[in-house]
Amino acid sequence: MLTIYASLLNLWFIGFYITLILMRYTMKKLLLVSLLGAIAATTANAGSTTIQPYVGAGYTFLNNDDVDVHFLGLNGGLQFNEYVGTEVFWNKSVNDIEFDGDLDEFGVRTDADVQYYGIGLTAKYPLANNFYAKGMAGYARVDLDVDATFRGYTVSTSEDDSGLIVQAGAGYNFTPNLAAEVAYTHVSAFDGFNGVNAQLKYNF
């Protein structure tokens, strides 16, 4: 008799445990649906929900520990509504980068190449007379390649770092499709780059 009671008790605990799992799974689904609904409602209330893609090209000047780097780059993004969007970007150095403490006097020549790329969330706010304020915060990876040449022998090394990218600036709409933007830019990788970015953008 005790064995039967023990078996029934075990079955009850197993059934109760399965019920709890199903309840947790159902609650997670309901929570996910609720969150998605809240996001959709917030987006809808933020303004027009027409998604507008865009592409851009521009110039960036960054300084890192007295090293000046000039970049040309491309970007593309999606404007979800009047205020919120997302953007991907890629920039590559185009100048001869001079490092503090180069060994030119000893016949050692250095050549460096830097590129940074990543993704960010953008915030945009319309102002008067076709002007608008814009900011971006996101992730950036920086790749650094250095070649050192001495008497015909070359040694190459590569480093990379990643961190936060932050931009704050303003733009101007020449037409509904064409705009120009200027922004202060900070990249936290490699102890921090600071500078300015200027670009043209085409809205589809």
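A search of the whole structure finds 7 salt bridges. Bear in mind that this is a predicted model.

Start with Glu 87. The side chain of Glu 87 meets that of Lys 134 in a salt bridge, with 3.4 Å from N to O. Glu 87 sits in strand S3, residues 84-93, and Lys 134 in strand S5, residues 131-150, so the bridge ties together parts that are 47 residues apart in sequence. Are these two residues buried or exposed? Both Glu 87 and Lys 134 are buried.

Glu 87 has another partner. Lys 201 and Glu 87 also meet through their side chains in a salt bridge, at 2.6 Å from N to O. The relative accessible area is 3% for Lys 201 and 3% for Glu 87. The cut-off for buried is under 20%, so Lys 201 counts as buried, and so does Glu 87.

Lys 201 forms a salt bridge with Glu 181, where the closest N and O atoms are 3.3 Å apart. Here the link runs between strand S7, residues 178-187, which holds Glu 181, and strand S8, which holds Lys 201; the two are 20 residues apart. Glu 181 and Lys 201 are both buried.

Which residues end up in one network? Through shared partners, the salt bridges join Glu 87, Lys 134, Glu 181 and Lys 201.

On to the threonine. Thr 60 lies in strand S1, residues 52-64. Its relative accessibility is 0%, so Thr 60 counts as buried. What does the side chain of Thr 60 make a polar contact with? The partner is the side chain of Asn 197, at 2.7 Å. Neighbours within four places in sequence aside, Thr 60 is in contact with Val 69, His 70, Phe 71, Asn 91, Tyr 116, Val 196 and Asn 197.

Last, the chain as a whole. The protein chain has 1 helix and 8 strands, and along the sequence the pattern reads α-β-β-β-β-β-β-β-β. Of its 204 residues, 28% are buried. Among contacts with a separation of 6 or more, 56% come from residues 24 or more positions apart.

Technical notes. Residues numbered from 1 in each chain as written. Predicted model: local features only at pLDDT ≥ 70, side-chain atom pairs only at ≥ 80, totals over all residues. Heavy atoms only, no water. Helix = DSSP H or I, 4+ residues; strand = E, 2+ residues; numbered from the N terminus. Buried < 20%, exposed > 50% of the residue type's maximum accessible area, 1.4 Å probe, protein only. Polar contact = N/O pair within 3.5 Å; in protein donor to acceptor, adjacent residues only side chain to side chain. Contact = heavy atoms within 4.5 Å. Salt bridge = Lys/Arg side-chain N within 4 Å of Asp/Glu carboxyl O.
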